[in-house]
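Hello,

Here is the structure you asked to see. Please open it first, then read the notes below it.

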Amino acid sequence: MEYLILGIGDVFGGTTLLWVAVGVTLGYVLGAIPGLGKAIGVAVSIPLTFYLEPVSALGLLIGIAKGSAAGSAVSAILLNTPGEPSSAPTAFDGYPLARQGKAQKALKMGLFASVIGDFVSTIILILLAAPLARYALLIGPVELCAILVFSLVFIGGLSGNSLTKGLIAACFGIFFATVGLETETFVPRLTFGYLELEDGISLVPMAIGMLAVAEMIVQAGNLDTLDRETAELRDSSDPRDRRVTREEWRRCAPVIARGTFIGAAIGILPGLGASVGSFLSYGETRRVSATPEKYGTGMIEGVAAAESADNAVVPSSLIPLFALGIPGSVIAAILIAAFILHGLTPGPLMFQQQPRMVAGLYVSMLCASAILLVIGLLGQRLFSQIVHVPLRLVIPGVLLFCCVGSYMETGSIFSIFIMLGFALIGFVARKLDFSFVTFLIGFVIGPKLELSFRQSLQLLKHDASNLLGHPIALVFLFAALVFVVMSGRSSVTRRVQMPPTTQEH
Amino acid sequence: MKCFERRAILGLAASLAIASAGLLPDLAAAQDYPTKPVTMLVGYGAGGQTDLVARGAARVLAEQLGQPVNVVNKPGAGGAVAARELTQAAPDGYTILFHSNSVVNSAPFIMDQVNFTPDDFEYAGMITAYQTGLVAHVDAPFDDLKGFIAWARENPHFAYAALSPEARMYMDTLAEANGLEPNAVPVQSGGEMITALLGKQVIAAFSGGIHYRYPDELKTISATTTFRHPSAPDVASIEEDGYPIGMDTRTTLFLPKGTPRDVLERISDALSAAADDADFKKVTDGANIPIMYMNLDEARAEIESTYAKHKGILTDGS
Amino acid sequence: MKRANAISGIILCAFSLVMLAFVIPGQISTGPSGMMSPRLVPQMTMIGIFGLSLLLVLGNLRGGEDDHPPPFSRKELLALLRISAVFAIAIVLYEFFGALIGASSLVIFGLLALGERRPLVILTLTVVLLTGLWALFYKVLGTAIL
């Protein structure tokens, strides 16, 4: 405990806080610019971290991660182009809110949800890192497979209007994820001879293409309408539209709590990534809502659900890193390098050998949450001015940043081609009302599901009866079955109750 | 750092201008090398073992050569994408690749699309080695290779984690020679492999060296290199145990074919400073990576001999 | 929309059949025996798409009012063509003349394609964006990206 005091002293005494602030600001700005994102910020900051003191360097990197998770909501809300794929659900309700003149309200809720999710998840990290990580080891491939099957159940709630099209999109997502070298047999799949495809299609250029570039093309096709709408709407004169009302806080509080919990839980599972957390939170909030059909038209709960989960994933994805030294995400892998560079060996020994440094790290992470709130509030006034800029000036800028962001992924123009290819696919899919949410979920979960299934086959020695030795897996499979039956029943009753409206299949 | 940055910007702006204008021949004589910043490609993404060592080496080289060395990550196909890009670069010493030599002496025998030979590149030295080995949890009921094989005979269909085709090759060789029946559990990354080991999901795995970060939980059963690991000097190498399939992987500086010899020598000498550099040692010690410097000629000899040896192992074995 | 759904359903059916019959067997070799085949998951997804798109077609063939406007507006398709052209030009210029020319042409031709005609605005925006990028990467982050 005395280390905590020392840690506070360290952080506030030196320049650490400055570097944390730099990280949060940089992350926020990079997240807010569509096309650029935290992976870029973290990767290019590595050289910088060589020269800094340990806690400052780590604070910088973690600050970038936190900042970008919150900043990505800005472009999602204002331009309908999420800064990161994980903020895609934020755009569903955030953008309609912005078009109704309530941009500031949406931005504020996004920020508050982000900060709360981030702060609470950091506390969870601090308190529970060690014991939780030991449990995380119990989640082997068999359990992971069952958990993924369970999470697929929620796809139904995310398909938009048409379950059929949503499932088609999910199948495509899984299909595109198989491109590359297959993990067990090392057989190249669908690479068409391109060496660059052997590692698969990168998520970032693909998401940038489908979400940002496609959106820009659609907006380019509607310049007149959109510009006219923008000219007509000022930020509504009702001051309540510029902030979050108490009534909305009341409605969103449980949503944020749920989102934080979901985000923190998903973050601990190695490899699932932030994308999945925010989608599942949005889907779940919509599922339990009394008015699910209103989601997508400007329900502020949607923004709260997506952003709280999105930010909660960041600290909890560091739990396997801190407690076991195992990276659960790309950011964590880069952080490991930074840790080692500065003499911290992540893992259980870290708490015993370097308690003071760890305490300093914890304190700086908590400070990062507070700094995030300040930066976010300051930035919003600035960023929300972008709605008043004519679209034809904004679009080329966004396209340029998208190219840079994609290029950075592999350092070659091949990624830009991927981005363009998926921009076309995204454009067509959007117009034909195929949900890219389920596509992204299929893309992210699909390969993990396949891999853990293959691993399970080997671990269970091709004998299903060995499943009995994995009680956790059985629990999740059972729960998945229960959910499917329940949703099937409730959707049937809903269809019976609601008058037959447009029943698109 | 400031003056490096300014030089970096000026240098890169200058090179961009020259490249855009259409590549005037580089008239600078090799003795003046280097007169502008050097680009170091790394074939893996940022943050991994190799990237860490590469950045440390880049710093040392920059100090020794007097010009900034900019690390650019070009991940893909285990380094083959970066290597291919190197073959298209100008052989003037301003583009180098820092990567494991497996891209030349193993990958061509495993991956269809890759067919490099040692003659496709020049070499300016090797600096560190990967401590690859067969690894198990400390609680495992065996301590060395013989013990493992005996245990495996009693427990067929045991599960081990396989990260790469080389890992499967090792296990298959052991299995064939001793009548074992292993079940290979595929894993996609070092982190996954470690998780599987720590969680006792698998009984053993082939690691690229990162298992030394967990000395209290994991032990090395056999070193799959031709030398004993500096981090585990009591563990016999797989060659000592009678299987001539040890494959050494070392980080190497590659240059495009045709680079003049004095440029190579200059870089090789600069690299040798890393072996004594305190900061570089801090990086490698922290990651349990042994420094084993080889100069340009030793590096070439090493690549050529291991190419021949690995060809025998990897094309006959599987 | 119903018509569009039906058409897209038919296209997807055809696509999945082509993948199943030609592309998947052509691009993916069967793995060694004893392990799950590498073709399995791609085939499963294509079979799924075939079945689902069949459902899509059938569900939209029944007559009934089409209360949604056709999905592709002419303006959007024109925008698609214009922006594709801009990218094509920018990429070609990048390959021949380097990143600086490529990036500027993306911005300049993009602005022109979207209707901006004031030369001062075009020039200023290009300069601002490119300098901004340069400043962000080279100064603030201190790393070369090329």
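**Helix α2 of chain C**

In α2(C), the buried residues are V41(C), P42(C), T45(C), M46(C), I49(C), F50(C), L52(C), S53(C), L56(C) and N60(C). Buried means that 20 or more other C-beta atoms lie within 10 Å of the residue's own; exposed means 12 or fewer, and partly exposed is in between, with C-beta atoms placed from the backbone. Helices (H or I, at least four residues) and strands (E, at least two) are DSSP runs, numbered from the N terminus.

Before going on, two notes on the source. This is a predicted model: local features need pLDDT of at least 70, side-chain atom pairs count only at pLDDT 80 or more, and totals for chains, interfaces and linings use all residues. Residues are numbered from 1 along each chain as its sequence is written, while chains are lettered from A and ligands numbered from 1 in the order in which they are written.

What covers the buried residues of α2(C)? The cover includes α8 (163-177), β2 (188-189) and α20 of chain A, together with α1 (2-27) of chain C. The length of α2(C) checks out: its 22 residues (40-61) should span 32 Å at 1.5 Å a residue, and the end C-alpha atoms are 32 Å apart. The expected span is 1.5 Å times one less than the number of residues.

**Chain C overall**

Chain C has five helices and zero strands. Of its 146 residues, 28% are buried. Take contacts with a separation of 6 or more: residues 24 or more positions apart account for 51% of them in chain C. A contact means C-beta atoms, placed from the backbone, within 7 Å.

The domain assignment gives domain 1 (2-61) and domain 2 (74-140) in chain C. Such bounds come from an automatic or database assignment. The C-alpha centres of these two domains lie 38 Å apart.

**The sheet in chain B**

Five strands of chain B form an open sheet, in the order β7-β6-β8-β5-β9, with mixed pairing. Strands pair if DSSP finds at least two bridges between them. β7 (183-186) and β9 (218-223) of chain B are at the edges, each with a single partner strand, so one side of each has no neighbour in the sheet. The twist averages 30° from one strand to the next.

β6(B) (residues 159-162) pairs with β7(B) in the parallel sense, over four bridges. There, A162(B) stands opposite P186(B) in β7(B).

Helix α20 (residues 436-459) of chain A packs on this sheet. It touches β6 and β7 of chain B, and its direction makes about 160° with that of β7(B). Axes are lines fitted to C-alpha atoms, for helices over the stretch in contact, and angles run from 0 to 180 degrees between N-to-C directions.

Best wishes

Methods. Contact = placed C-beta atoms within 7 Å.
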